[in-house]
Each structure stands twice: as C-alpha cells, then as structure tokens.
Amino acid sequence: MAKTRPGVSSAKPKQGNKELDCYTIRGTNKVVRVGDRVLMRPSDTGKPPYVARIERTESDSRNNVKVRARWYYRPEESLGGRRQFHGAKELFLSDHYDLQSAHTIEGKCVVHTFKNYTKLENVGAEDYYCRFEYKAVTGSFTPDRVAVYCKCEMPYNSDDLMVQCDSCKDWYHPACVGMTIEEAKMLEHFVCFECSEDDLKRSQNGFHASPVDDAKTRCETALAKHEQPDLVLITTRFSLNLSRKNEANGVDMSGASSFAVLPLLFHLLAMSSIASIVEERSIYLILMEGEPVAFHSSGDDLPGQHGRRFDPNSEASKDHAKKLVDSHDKVLQSTLDRGSYNKLYSFKHVLNGFAVHTTPSQAKKLQHVPGVKLVEGDRRTKAMTTYSPQFLGLPQTVWTQEGGDRNAGDGIVIGFVDTGINPFHPSFAYDILNPITSNISHFSGACETGPQFPPFSCNGKIVSARFFLAGAQALTPLNATIDIPSPADAVGHGSHVASTAAGNAGVPVVVNSFFYGRASGMAPRARIAVYKAVYPTVGTIADVVAAIDQAVADGVDILNLSIGPDEPPQDTVTFLSFFDIAMLFARRAGVFVVQAAGNSGPGPSTVLSYSPWAVGAAASRIDRRYLGSLLLGNGLNISGVGLSAPTFGNGSLLYKLVLAKDAINLSGTFPRTPQYVEECQYPEAFDPNVVRDSIVICTFSAGFYNDTSTLTAIIDTARVLRFMGFVLVANPSYGDFIGQPIPYSVSGTLVTKVADAKIISQYYEQQTLRDARGFVTQFNARAAIRDGRFASFGSQAPIVSRFSSRGPDFIDINRNPADVLKPDILAPGHEIWAAWSPLSALDPILTGYNFALISGSSMAAPHIAGIAALIKQKYPSWTPSMIASAMSTTATKFDNNGGVIMAEGFEVGSSYAANNFDFGAGFVNPSRAMDPGLVLSSEFEDYISFLCSMPNIDRFAIRAATGVWCSQSLGHPANLNIPSVTISALRRSLTVKRSFKNVATKPETYVGLAIPPNGTMITLHPPWFTIAPDGTQDLDIEINVTQSTNVFGFGEIILTGSLNHIVRMPVLIRPVSIV
C-alpha cells in the first residue's frame, strides 16, 4: 500500500465538480469537446506540444476548468526509447490519464488512422497518425509489430509491395534494397544486407528459377498448419491466381496493372497479421486441486492446522512439492500452445497453483482443464520511528515486562513482503556487544545475494533475504539501476516498514547534520526476514503471492504486508481473490498476517483490507508536531511546515522578501506559465540579482495542483540562484493544501492555509513600491524563516489521518457491504521516522537520506506487526486470531485528552468525531493487549463456514478458491467468532453468538453492558458469568430492530471483569426493517 506522496498535495478528493459539454480554448474561438484531440503546453518549452484526447471536461466550485486527458506518446517517450517507427508524425495512444488545467490547451489537432494519413495530399502541422496502443506502465505495444512500414522510414506508398527480411523481420520497399517490384514478386526468401554475412548471401537466398510453384506450395502448407505465412508469399500467391484466372477470361493482367488489387489485398492481409498478434500477454494466477505441502497428509506428517508448523525440508515435503510442480508443468504442456507461455512460479507450500505469462485466449483454455479450480488475472501492487514507541507506552510498560529493549521481540521472526531492505542501515546492524542468542530453529530461510546486497547482509538481525522478480520481468523491461535484482531496497519503503516493526533500539536519526532523536522498532530484538516483491517500475500479485508462499514455508511468525493491490478485484468477491486466499492459507499455517488498510480515505468503503483472517491497520497522527514559521518584518509569526534549518540568525536577522512574480527575468524567452512565474520550478525564469540572498515567495498553482510541479524543483532553484530561503504559500484559487514536514537542504517553509497566505501578501504589498506599470521599484518587505526541525509534543492524538482508508467493508466491485468490520484497528501511521534507502528511487526529494519522516497506512501496519511479535513472544502458543483479539478488545476509542478520537475530513483542517469505520476497534494499546483477560478465537474451518454463510457467494466459487466444500454454515456471517459484530442489513431480529476464552491465571467474574446502535435494542445472555482459567464461555447477543434507519449505527458490548480486565467489542448495525 503506497505511502502518501511526500511534500505537497492538493486537498483531493474533491466534491461538487460539474461536468461541462465543451470548453473554448483561451484566446481563441475554438471549442473543444469530449473526444477531440488537442495540443497541450508542456512545462519544458524546448519540447514539442503534448497531444491528448479529451475524455472529460469539468469545473469546480471556483469555476476552474479541468480536462481529463488521455495522452498520446511519441516514440522517443516510450520505455526504452525510440523503436522502429515511421517518421516524426507518428504517435501512439497510451493508457496514461491525467487531470489537467484546461488553460494548458494550446489548440486542436487531428490524429488520423495510418490508412487515412497516407492518403493526405498535404500533411499539415496539426496532422498526426496513430497505429499503436501503448501501456505507459509496462512499455508494451498493441499490436507489437505492424507490417506496413519500411525500415527506411520513408512515407508509405499504399501501391507498393513490401518485402520482409527472414532474419530481422524488418520490412523494405523493393527499391530500398535494389530490386524492382517484379523481382520482389518472385522472391521465396529474403535476407537484408544488415543480416547477410556477405553480399553473396543475398543472391543465394533471393532469386530462384521456379518461385511461383514453390511459393504456392509453401503457403498452402502453412495455412494447413494454421500458421501465419510471410505476407510477401501470400501476396505472390494471390497475384498468381488472379493472373491465371484473368488469362482464362482473356484479360491481360500482366505488368504493373496486375497490382491494382494489391492495396486492398495488402490491407486485408495486414489486418490478418495484426489479428494474429493483437493479443497481448498478461500474467494469470491458477489455483489447482490438491493440498499444498503445508496441509498434505503423508505417512507420519499431519496436515498443518491450528497453528501447527510443517517442515518443508523433510523428504516427504520435498517429494510432494516435486509432484505439485510436475503437475503444473504437465497442465501447461498439455493445454497451451508451445511457445505461447512462460511459467513464472509454482506455488506449492501453502497454495497449490502457479503463475503463467500468456495471452487471454491461452489462459481461457486453462479454465476448462480438469484439476484447475481458479484462473485469475494479475493485478498491480504498490507499496501502501523515533517517537511512536514512546507514544504507545512500550518502553515504560511492555518492554519492561519483556526485559527491556534488549529482549523485546526476541525469538520471533517477522517477514516483510515489500520493496526490500537497506542492509547497511544501523537499524538492521548486528550488535556484537549484545548478541542475539535466542532459538529460531522453527525458521529456515536463505540469503540471496546480488547487487548492493553482499553475503554479509544476512547478519543475524536479518536472518533471511529473498527476492521475487519473475512477474515484474514478464510485464516490462526493468531499469537495472533501480529495479535491482537482489533484496536491496532502492525505494526506501521496505526499509522504513521493517525498521518500524523490528529496527534496533536507540538508533540516532541524523538528517542534514541535524539530530532528530533516536529510532526504535516496536520489537527491536525480533529477527527480520526480507521478501522483496515490489519494484520501482512495477509490482505484481504473482511476485507477492510467491513471496507469501515462501515466507510461510520459511517459518515466519508474523507477516507484514504494507503492499497490495491498489483496487478491489474486478471479477470475483473480495474474500476470494487470489491475494486474499493466499493470506487465508498463511493464516491456516499459523502465521499472523497484518496488511495496510489503504490510503484512499476519507471517503467511505475505500478500505483495501477485506478479509477477517488478516488484520487491516488504519493510520493515525501521534502527538508530535513539527512546526516551522515565517517571521515577518512587522513582528507577525506565520505558521509553516518543513524540516528546515532557519535563515542565518534564526529570526534575529531579517532578509528581503520577494514575490516570485516580481523577480521574473523580463528579457527571458520562457513561457509565462505558473510553473515559471509563480511556482519557482525553473531558475532561468528569475533575475538572479533580485532573488540572491532573498526569501522568495513561491505560490501553489496549477503545476502543484496537477502534480507536475515539485518541491525538489523549488529547492534546486533556490540552491542554484542562492536564495536565502523560500516560502511556498497557498493560493486562493486552489484553496488550502496539505504539506508534509520533510527535510529541506535549504531554508524553507510551507504556508498551507489561504488565510495565512493573505496575511503575507498584505504585508508584502504594503511594503513594496511599484511604478505605474506595476513593476517593483523597491523591495522593502523583510522576513526570516525560523527553525522547523524541533518537535513539540502533547498535541491532541490519536487523530485518524485524512488519507487512511475507511469502511464499511464490501464484498465486490459494486461495494455491497460485508458483515465484517474493516479496518480492524488504528495505529500510528502519520509522520513516522524510520530507516530509508539513500537511492530513494520514487522520491527524489529524499535521495541521499538514511532516514525519512513519511506517512501512510504502510507505516501503521508494521506497528501492529511489531506489537504482535511482543504478544507472540509472551504467549508462544497463542494463535493469530487470539493475538488479533487481544489487540482489538483492549483498544481505546478515546484520545490523550479523554475525548472521542477525531478523524480528519475532506476539507483541509476539518475533523469529525470518528467511528468504527474510521478506526476499527480503536487505537492499539500494547500494554493492555499483553493482558486482555478474555480472547476470541477463529480457525480455518470457521472462516470456511463464514464464507459458506454469506448469501451472495457461490458455493462452487468457495470450493474452487479454498478446496473445501461447504459442509457447515454459521447461519449468518455475523456469527464468525471475531471481536466485533457487524450486520450490514438487519431485519426484525437476530441472535449472534460469541465464545470467549479466559487467558488470565485466575477465575474472574464478568458483567456485561450493551450500548445498542441507533434503531436497535440488545440483550445479553447471560448478563454476567464467572469463567475459570483456560475456560470458555458462550455469549448470546440478541439484537432487535426498534426503528428502520437504513444507515449504520455504532454501539458496543463491554465486559467488565472483577480483576480489572475490560473487554470491548464494537457493534455496527444497519437496521432496514422492523418486520
């Protein structure tokens, strides 16, 4: 799950936008409508205009007009650069969409089909043509090759015959290779000069005494075999048959006139050629009948269940694994055409299946093969602290119980499926003065080395490191510089996540020579197992599932998934996607699985964690804030954001304040666009004498709104022109924006509120003298930037972060609600310090740093993973569901001031009282989770019964995905024994049951209290009970509808124990009918 983009973002998502029928290009009378092709102004004036197709036109509440543009690319803009395309006027249509300001439209243009373009008598400046569709992410083309252009790149003449080289497959006009059309007609084979070993090879391969009959025979043979014959041979055959037919009719078809039909034939045959290659390969995930190794019963081995582990290195396991792999190969070899596929992985440890790279038509064949249960197309995946341990109370409570940070998490292995790890970071160093001696004999990994990951990287702290690349390689050519074929982390995300959960204690955080404090993981003595499966260029489910399969086989105790699909499955229910089934079987093998809930908030049903067998972590702010400020010459302090050193003097010295617009180089030839004039993106736009040693005011404008402008560019401009500092201020036209406190290598601050920006503007205009034309004659405004690197503590917290995805959970792409609470729990995920990779391939502003302060539900998940490791260390026999229950029932819904937890809303700076769809059961409380009193437990069989009780899921689909028939139903999905009750549609009444186990050491009496959601009444049976150690107690929860509200209401059940244990269980109900 991707973290939020560091730096600056507009306050998206936006509401209230109005769709427009058309837009008149500024300064013209030309009207643009949906479907029109337009020229759009690039930020770099040295580049030609961009070409785009308008998909939608809309205006917001401030009448700012935007267009949704689908981009055409030029050949040189493709991944890998220019291919063999025809001429400078060729474009190809991409799958890359952007929301752009309509003001960037310069004019209209025409994008022709290739056929129409070749018939133009006069090719104008606004004429382009397109033959290819291009996938911007993968770099692949459809069709991959079109046999209608010449290697010489001269304009195509539709009356010409063309010949193809047998070796390189390039096409040529006959004249370009020194032959006539008549000679080309007679060719059986042709090899171009570039492919010939010498000039003789051409004559040997080129001219035969009897070409016609040989060509006819070879063509008919190819057709009989359903092969695609060479186009030149088919053309020869047709011209021969037509000549003979017309000779019989007394018509002379000799010479050039016989080729009057060739354009039509050529077009038809070219289309036939295109049809044969139009299918683009994709990755498909296939699930097979038969138990995987972990759950296979053979001889003395028992199926792995209820947390029991298996030995993947036993002879029985190896034999069964080989049988599974052989069966996968047999299915592929007997079903798919030779050369039409590439097997990427065999899943054999907790799943029985494989991943294959093939075409849709080939994949369709697999659906009907006996033994194949499920065929699913791959989806893309993406990647989703110095103070958070203290905020959670770990050093004072849990770590003290576990022997301090020298022992916290010892003996537990946490697996991280992510972007890899930075093995040279001190958070992952092995401490020879405090060696790790705990027994992890249950774990058996491997250290896969490679670029930037030497053998000594697996040092005892990092106990295993693997990488999974086959899926990414199948989709697109990878960039060897950043898509490193080793467990090394080129992004930073994987290192950040791993150190948050299990980084060493007390590591100094130093950025730009400033000491920010010390960083510690939640479980600093836990071991780290790395499974790199997401790359800067692309991530695939195939690689991720292969990593999960291997991690479980290796024996990890906890599995952290701060990555995952960035959208729900299109053609199956959410619970039965390949990704969720992989997590189900990891859970069946006894692994605690936590995943990021998603970063698509604050809208409803944006959560990307769906299933009850994995814990979905939402993200919150903690009570730490980094506050910068701009001191104006009139004494006013304006709040800002940015981990920036102060201007020299830290406020005691004031510097000239200059608005970017007023410092423009008037003789410059650059375009007067916001990026140049307002946003400080280009040094050449400024008069160096004006801005040197000044504080320059840059303005948030169209470039930042469209994500085309960056803070990195401002910093580069400031460094080149020697600004004393910069201020990026909010723009009334775009509203308040969101600023993240990231390190700046120059003094700077972000003023994110329009109200504060107006104060700066008023002061600046009052102090600045202008002539009659509006040009500045004297800059009298002064200011200083104060230090933004010192943290303040004690702010209201936790607060659910704006980006954190919300419930309710849903079962399908239509977002029909499910009877499961998601997210499960709230944890710190906003502005978290942790380890980073200096390569920082996706965030250039963080390049060179070993630590980063970033936000995302990706950061919340490892907090939960680390706390789970602490619980597992104390209670090694507990199952994953018991660990999850302990965290859930002890979580709090109150903040540090005693009030209800708040959640950030759509508008920047807005908040509202949060509910369970924002924070799940509440904010995690590690110290209480270590002693929960009661826990609830669910196992694999319970999850199957849960699926079988859902009315909207096909029983055969459940069997196909899980391998288990529906032999037992829970009656209602809400009867799954989890620490919450969610009913998405309650009619009249329902009684659900929960079963509790006493994990305390003494008997305890509990008294129940039900706080019903609006429109309901709840009765508990029994209202109180006494439970012995290791004893169990069933609780019937009778729910009656008192009012049909048709919206979710929120309540809870509280069990208060005589020994001070308090067990809380959220209740969420949507009453739809009284009768």
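Two residues are taken to be in contact when heavy atoms of theirs lie within 4.5 Å. With that in mind, let us walk through this predicted model, starting at the annotated site.

## The annotated site

Leaving aside neighbours within four places in sequence, D418 is in contact with H493, G494, V497, Y531, K532, A533, V534, S562 and I563. D418 belongs to strand β19, which covers residues 413–418. Its relative accessible area is 1%, so D418 is buried.

S858 sits in helix α20, which spans residues 857–874. With a relative accessibility of 0%, S858 is buried too. The side chains of S858 and H493 are joined by a polar contact of 2.9 Å.

Now to a sheet elsewhere in the chain numbering. This open sheet has 4 strands in the order β15-β16-β14-β17, and the pairing is antiparallel. Which strands stand at the edges? They are β15 (341–347) and β17 (372–377); each has a single partner strand, so one side of each has no neighbour in the sheet. On average, neighbouring strands here are turned by 20 degrees against each other, direction ignored.

Strands β14 (residues 282–288) and β16 (residues 353–358) run antiparallel and are joined by 6 bridges. Within this pair, I283 stands opposite H357 in β16.

| Helix | Residues | Strands it lies across | Angle |
|---|---|---|---|
| α13 | 541–554 | β14, β15 and β16 | about 30 degrees to β15 |
| α14 | 578–588 | β14, β15 and β17 | about 40 degrees to β14 |

How do these helices sit against each other? Two packed helices are described by the angle and the distance between their axes. The axes of α13 and α14 come within 10 Å and cross at roughly 5 degrees. Angles under 35 degrees count as roughly parallel, and therefore α13 is roughly parallel to α14. On the α13 side, the residues that meet α14 are I541, V544, V545, I548 and V552; their counterparts in α14 are F578, F579, A582 and A586.

S340 is found in the loop between α7 (315–335) and β15. Is S340 buried or exposed? Its relative accessible area is 12%, and residues under 20% count as buried, so S340 is buried.

Through its side chain, S340 makes a polar contact of 3.2 Å with the side chain of Q362. Beyond its neighbours within four places in sequence, S340 is in contact with R281, H357, T358, T359 and Q362. Among them is H357, the residue that stands opposite I283.

## A partly exposed serine

Our last stop is S792, in strand β39 (residues 791–792). A relative accessible area of 28% makes S792 partly exposed. Which residues does S792 touch, not counting those up to four places away in sequence? They are D623, R624, R625 and L627. S792 and D623 are 169 residues apart in sequence, while their C-alpha atoms are 8.2 Å apart in space.

Conventions. Residues numbered from 1 in each chain as written. Predicted model: local features only at pLDDT ≥ 70, side-chain atom pairs only at ≥ 80, totals over all residues. Heavy atoms only, no water. Helix = DSSP H or I, 4+ residues; strand = E, 2+ residues; numbered from the N terminus. Buried < 20%, exposed > 50% of the residue type's maximum accessible area, 1.4 Å probe, protein only. Polar contact = N/O pair within 3.5 Å; in protein donor to acceptor, adjacent residues only side chain to side chain. Pairing = 2+ DSSP bridges. Axes fitted to C-alpha atoms, helices over the stretch in contact; angles between N-to-C directions. Parallel < 35°, antiparallel > 145°, perpendicular 65-115°, else oblique.
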